Amino acid sequence: MPATITPNKTDQERRRRLEDHDNGSGRRPPTDKRTGGGGDGESWNDRSHGRRGPYERLHRYRMGIFFALASDLMFFVAIVSTFFVNQSSGHINAYNHYVNEWVPTVIPRILWLNTAILLFSTATMEFARRQMFRENDVMDEWLGLGKPITRRTLPWLGTTIALGVLFLVGQWIAWRKLAAQHVFFKTNQSSHFFYLITGVHAVHLFFGIAALIAAFTGLYVSRQLETRQILVDGVAWYWHAMGILWLFLFALLAFFQ
Amino acid sequence: MKRSAIYKVVFSATVAFALLLVPLPLHAQGCTQCLDNTAATAPATQRAYRRAIVILTLTATGLFATTLFVFKRHR
Amino acid sequence: MTPPNLPHLKPLSETYALNPGSSRLTDHRVIGLQYLTLALIAVVIGTLLSLLMRIHIVWPAWPLWLHGSILPEDYLALVTIHGTIMLFFVLTTAPQAGFSNLILPAQIGARSMAFPTLNAASFWLTALALITLLSSTFVPGGSAISGWTAYPPLSAIPNSGPGQGVGMDLWLTSIALFAIASTASSINTVTTIIRNRCEGMTWERLPLTVWGWFTAALLSIIAFSVLLAAILLLLCDRHTGTSFFLPTGDAVSGVVHHGGNGSPLLWLHLFWFFGHPEVYIAILPGLGLTSMLLANFSHRRVFAYRTMITTTLLIGFLGILLWGHHMFVAGLNPFASTAFSISTIAIALPASAKVLSWLATIWRSKPQYTTAMLFSLGFVSLFIAGGLTGPILAQPILDEYLHNTTFVVAHFHLIMAMAGIFGLYAATYYWFPLLTSTPNHPGRLMSETLGRWHFWLTFIGAYAVFLPMHLTGLAGEPRHYSQLTGIPGTNGALSPTGVLLAQTIPPNRFITYAAIFLASAQFIFLLNLFRSLRRGPVAASNPWQATTLEWHPAMNPFTPLPASDTPAIQIHRPPCHYQTTESGGSFLPQWVSDPTQEATAENASDSKPE
Amino acid sequence: MPLACIAHSVTFALLLAPPWSLPANASAHGPALDHHLLLNLWIALALLALAHIIILVGLFLRRRTEATNLTRVEYIPLAALAILFATLTIKAERLWAATRYTGASLTALQVEATGVQFAWYFRYPGTDETFGITRPQLIAPGEGNPLGIDPSDPHSADDEVTSELVLPTNREVDLTIRAQDVIHGFSAPELRLKQNAVPGQPIHIHFTPTTPGTYAILCTQLCGLGHYRMNATLRIVTSEEFKGWLARHQKESTP
């Protein structure tokens, strides 16, 4: 090994490394990745698969998103379990009677519409995601024939953004409706939870929309296909999770109060 | 042979988890006298707490086990 | 950007030849060192705070320089900040974020962490959290006084005491930031371990340190977001007039809380659902490291390697299920107490299995007593001493007497604080060559002589401080008491409480002296650290004859290979492959392909540190 | 259990006065608890010594080839420990069930302890054996109504509020523990009692004082800046003295 290396040499090496998509995911064998090389006995069990094959970066980012969503799930589970406890916890009032002052919040009817919108947006998001992985278009891009993937995906992505904004507006209207009936965040125990749950979920969707817009611009800007795929794929999984999560939260607010 | 580790984990963990949950349903309704003598909480509230505890633990342990499974697939 | 007092940091940034595409900001080794620096600052502050507490208990009138005498609320603020800093910013940050960033990628043969940018972001978030926490000292009312557990309504109602206003808000903000940061860095760790392992680094070949980091990170992902939710609810209670944790008709200093009927117990559940896994997050990396070091220095295999993996995962898994043992006397349903007590006793078994394996590993091995080895042995001793009181406290009927006495303080300080710190010291002495090696200069070693002094004084000090606390606890001394005089009864006579507490004053005086001794022993470490950073002896590429991958020459930042001829590293066997032949000991690092290369491997890495 | 007996004798031989031993016990359930606690402590101490002996011996003996017998080194000791912990736990859960699973007898003496920043108030129901209603709005320590007792309630007329807890010997006490503002911890070390007082959730514990004397009551849950001085006096007297004290107290409180 050379004792010293001139900086510009290192720079070249670095660029070379980046080009062949080696981004630190383990020391790659010089040989063909598909064949064994597990050391003793060449048995397939000895090989740590994980990073093999194409889409290595994509899969890594996907896994990251999934773990983030897992911890987010715990966040909402904590809130929901709080909901169950507070819902059924009464107290001994001044007359030594056991009372439970839980007044269920009647959910505005528009929530049903919002739910439908959100589900629809999940569908469009899935279409957008699928577009990113069409073999033919990937091949075209690889051959350098324009950016057909971006061209096909943009409309779906745009629709999703629009629907997402629509959903947030719908939630806003729902809050206004409740406020009109003088049901506010601090009104009673169940209104706490209505505003808290819808609010926290809305914040999540807000960030989701921000990410969607980032992906949208990324589709224009980024030249590297895998980067664009990662963007759309990541946002898609996040968006799906938020959609499914909303189904549960909505069911909770609608039927389990 | 190599898998035994993960199976041992999952198995013994499930046993421990069952061990934890056994006394809960066992006393689900029981002992109205305890009602005011222990926590002065209505059975409804106790049920709610129990449900909350189970939800939390089930989700958490589920995530734990799932991750191990994912890891196993990437062994 | 880089912390000033680590002069060797700057050249490190040039190791990007090892980590392509990573700038100085996102290089995992730089981030790891930043984390360690932060932890070092935090541990110094936390230790000073604890000394103030100890001194105040024994000499209440003693005036603090530039502050005056320590008031009860000051004492509680000291308690709160000491606990928060030590648990979050030292025992969680240093092993789980600091050393994992420095060592983990090298140990699994990865060039970098999975998400370098996320990594950097979580560090700076952690730093921000620490600044927020410390800044609470300077706001009107001072910092929070409700301890690191922040039980409502004390923490939910600003006028319930000094420091519960702005100070409490800052505390909650700081912990929320920290929760987000550690969740992010844990996602990074888990993804790295699962996806970035090199060729042949399979499930059973991962070093136990990696298993420790993996389990702890998994627990962080699960637990911290629950804490975040709880903090969100508490902030709502404080500022938007909700009542998640506030019962109706709660009257604090004349102000009656109307509105919904929440339950303070709910916070206890949510907090301890996080709080107990947090304890394992702090200790699991230490458990893994101890196993590896004991094996390394006694030139043995880790006894029952696969069982060790299983027990690590079991401890993590059970760690989720037993938070209720913090609430036996807190108004928990007694049946639930029984359930939680059973699950708590259950975790004693995987822990005992670990101890047994350690004993078997070092049994009749004539180990090589380096400072790192000494600290690992100390870890075992403290882990046993602190662990044995665990099953006692896990029995509700005994906890009814011992709960919130100094017996509990002794228990968790021995098994978590002292054992955790010993793990950190072992890691520092062991990995110092990797911490200090730069592209232009090989790694350095810390002075073994100073190290031995440091170990023995710290070991004696640790026991001298925390063993007597068991006695004062059994005598009935409660935690969080800023004075042990009780309120004087009629005509100045001691009240019964005063009599009870006065009996514990002599041992407390001893504890305080011991604490001062223990703290001053750490100056040896600081001296050793900063001396060795500049003038430590140069280390060979594998000074400890280690078998794990972080000691592979190509993993060493010194003389980075041009990327074109970085060797393809493959893993061929589990770590700690040591053999005793009549010709003496021989060992096979994980990366050496077959015994024919054994000789060369030894020549390459048999060189002792000069 | 011979081991326990040895443990006992040695304990009291070695460690006579506090802080070298537990405070004197004054409750009916105390002896069993102390016995179990000391048993646990001695077992823990023995295991600690054993482990360290193994470590030291293992380090001093000359090197041998490593142990490989998983069953002998790992599983058998583990099984032994499992049995040990299981027996201890079962014993402990029995004691716990005895004190906590069932309520007080209906003839038990009704007393209420209320934690306030930073004092304990105790209330006796009086002749009608029923506590009067309390309302947080009526709380006024200045006007001698620290608990906010509602005078309009017939039951509240004969309620006695005191600052020290006086209990008769050998009569079961049904203690209702309340908190007005924040979580407090009711602790009487000599009675081997500890139970947090949670606002909005009255909690019952029951016990039987045995030994007359003056004992300490502390707060063992961090409750604010006055936590360290939130303690009260517990006097255990004979039942005659108790009756006398109650009568006297009633006289002077109702002029």
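## Strand pairing in chain D

In this predicted model, D:Tyr124 has D:Glu160 of strand β3(D) as its bridge partner, and this pair belongs to the antiparallel pairing of β2(D) with β3 (residues 160–162) of chain D, which extends over three bridges. Strand β2 (residues 119–124) of chain D is also joined by five bridges to strand β1 (residues 109–116) of chain D, and these two strands likewise run antiparallel. Between β1(D) and β2(D) the chain passes through a hairpin of two residues. Across this pairing, D:Gly115 stands opposite D:Trp120 of β2(D), while D:Ala113 stands opposite D:Phe122 of β2(D).

These strands take part in an open sheet of five strands in chain D, whose order is β3-β2-β1-β5-β8 and whose pairing is mixed. Because β3 and β8 (203–207) of chain D each have a single partner strand, they stand at the edges, and one side of each is left without a neighbour in the sheet. On average, neighbouring strands of this sheet are turned by 25 degrees against each other, when direction is ignored.

## Two packed helices in chain C

In chain C, helix α11 (residues 371–393) packs against α14(C) at an angle of about 10 degrees, and the two axes lie 9 Å apart. Angles under 35 degrees count as roughly parallel, and α11(C) and α14(C) are therefore described as roughly parallel to each other.

The contact brings C:Thr371, C:Leu374, C:Phe375, C:Gly378 and C:Leu382 of α11(C) together with residues of α14(C), including C:Glu448, C:Arg452, C:Phe455 and C:Phe459.

## Helix α16 of chain C

Which residues of α16(C) are buried? They are C:Pro507, C:Asn508, C:Ile511, C:Ala514, C:Ala515, C:Leu518, C:Phe525, C:Asn528, C:Leu529 and C:Ser532. Among the elements that cover these buried residues are α2 (28–58), α13 (406–436) and α14 (448–474) of chain C.

## Where chains C and D meet

The contact between the two chains takes 88 residues from chain C and 77 residues from chain D. On the side of chain C that touches chain D, the largest share, 10 residues, is contributed by helix α10 (residues 348–362) of chain C. That side of chain C divides by class into 48 nonpolar, 33 polar and seven charged residues.

How values were computed
Residues are numbered from 1 along each chain as its sequence is written. Chains are lettered from A and ligands numbered from 1 in the order in which they are written. This is a predicted model: local features need pLDDT of at least 70, side-chain atom pairs count only at pLDDT 80 or more; totals for chains, interfaces and linings use all residues. A residue is buried if 20 or more other C-beta atoms lie within 10 Å of its own, exposed if 12 or fewer, and partly exposed in between; C-beta atoms are placed from the backbone. Helices (H or I, at least four residues) and strands (E, at least two) are DSSP runs, numbered from the N terminus. Two residues are in contact if their C-beta atoms, placed from the backbone, lie within 7 Å. Ala, Val, Leu, Ile, Met, Phe, Trp, Tyr, Cys and Pro count as nonpolar, Asp, Glu, Lys and Arg as charged, and the others, Gly among them, as polar. Two strands pair if DSSP finds at least two bridges between them. Axes are lines fitted to C-alpha atoms, for helices over the stretch in contact, and angles run from 0 to 180 degrees between N-to-C directions. Angles under 35 degrees count as roughly parallel, over 145 as roughly antiparallel, 65 to 115 as roughly perpendicular and the rest as oblique.
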